[in-house]
Amino acid sequence: MTAGGVPPGAPGYGKSPRRDAGGSAKSCGRVSCPAADAFGGSGTNPIKGITGQGVTTTLGAGKLPSFDDLADAITRVRMANGKPSVVYVSPDVEAALMKEKASTAGTYQAGAPTGTPLTTVWGLPLLVSANVGAKTAIVCDASRVFFGIRSQAYINASEDFRFDRDQVTYRIVVRVAGASVAEASSVQVVKVS
């Protein structure tokens with residue numbers, strides 16, 4: 001899949017497309033990607049997740065990604081002329097970040113445990129998902145991550161299914177072709193070996 005469905009060198013290559021439902025590419029934007037396949041791929045299927053298409057930095061065994069590691073990943077995206085816009089982390093990495101302490105005062109880097117929860121890292125939104133993969137953090141320029149849509153989203157309603165409880169049930173169906181990264185440097189993956 002090319003960046004946004006436009007071949008390299010063609011007019012419009014590298015732009016963040018927003019096609020209609022008949023098109024194939026949608027920008028991830030600031031939306032949290034809910035499916036595990038979006039991050040790690042589907043294994044036997046040829047669909048690659050964004051972690052398989054980005055640049056991976058492997059830390060030593062037993063060392064979870066820290067604020068310093070995320071700062072380095074943000075810098076690597078910027079060095080490739082990207083604009084980092086989001087940080088995805090697994091729950092264990094979030095916990096490690098919340099527990100990080102300053103070496104001199106012993107105070108928590110992310111604030112007091114009774115304060116507001118950690119929602120940003122270096123000014124970027126921090127999104128926590130178990131689908132990221134254990135001991136993994138992803139810094140990306142989300143405008144360079146695209147999802148192929150195979151069909152329109154269909155919304156169906158059923159007034160009969162929960163009739164006995166006076167409820168209406170809705171179902172949405174979307175066929176997704178996969179995730180694509182415009183250039184590998186737009187996605188920086190930091191994980192433990």
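Helices (H or I, at least four residues) and strands (E, at least two) are DSSP runs, numbered from the N terminus. The model is predicted, so that local features need pLDDT of at least 70 and side-chain atom pairs count only at pLDDT 80 or more, while totals for chains, interfaces and linings use all residues. Residues are numbered from 1 along each chain as its sequence is written, and side-chain values use heavy atoms, with hydrogens and water left out.

**View 1. The open sheet.** Six strands in mixed pairing follow the order S2-S11-S6-S3-S5-S4; two strands pair if DSSP finds at least two bridges between them. Strand S2 (55–59) and strand S4 (120–121) are the edge strands, each pairing on one side only.

**View 2. Strands S6 and S11.** Five bridges join S6 (residues 136–140) to S11 (residues 187–192) in the antiparallel sense. Cys 140 has Val 187 in S11 as its bridge partner.

**View 3. Helix H4 on the sheet.** H4 (residues 91–99) lies across S3, S4, S5 and S6, at about 105° to S3. Axes are lines fitted to C-alpha atoms, for helices over the stretch in contact, with angles from 0 to 180 degrees between N-to-C directions; contact means heavy atoms within 4.5 Å.

**View 4. The largest nonpolar core.** This core has 17 residues, with Leu 70, Val 87 and Val 89 among those having the most contacts inside it. H3 gives the largest share, five residues. A nonpolar core is a set of buried (under 20% relative accessible area, 1.4 Å probe, protein chains only) Ala, Val, Leu, Ile, Met, Phe, Trp, Tyr and Cys residues joined through side-chain atoms within 4.5 Å.

Key. Buried < 20%, exposed > 50% of the residue type's maximum accessible area, 1.4 Å probe, protein only.
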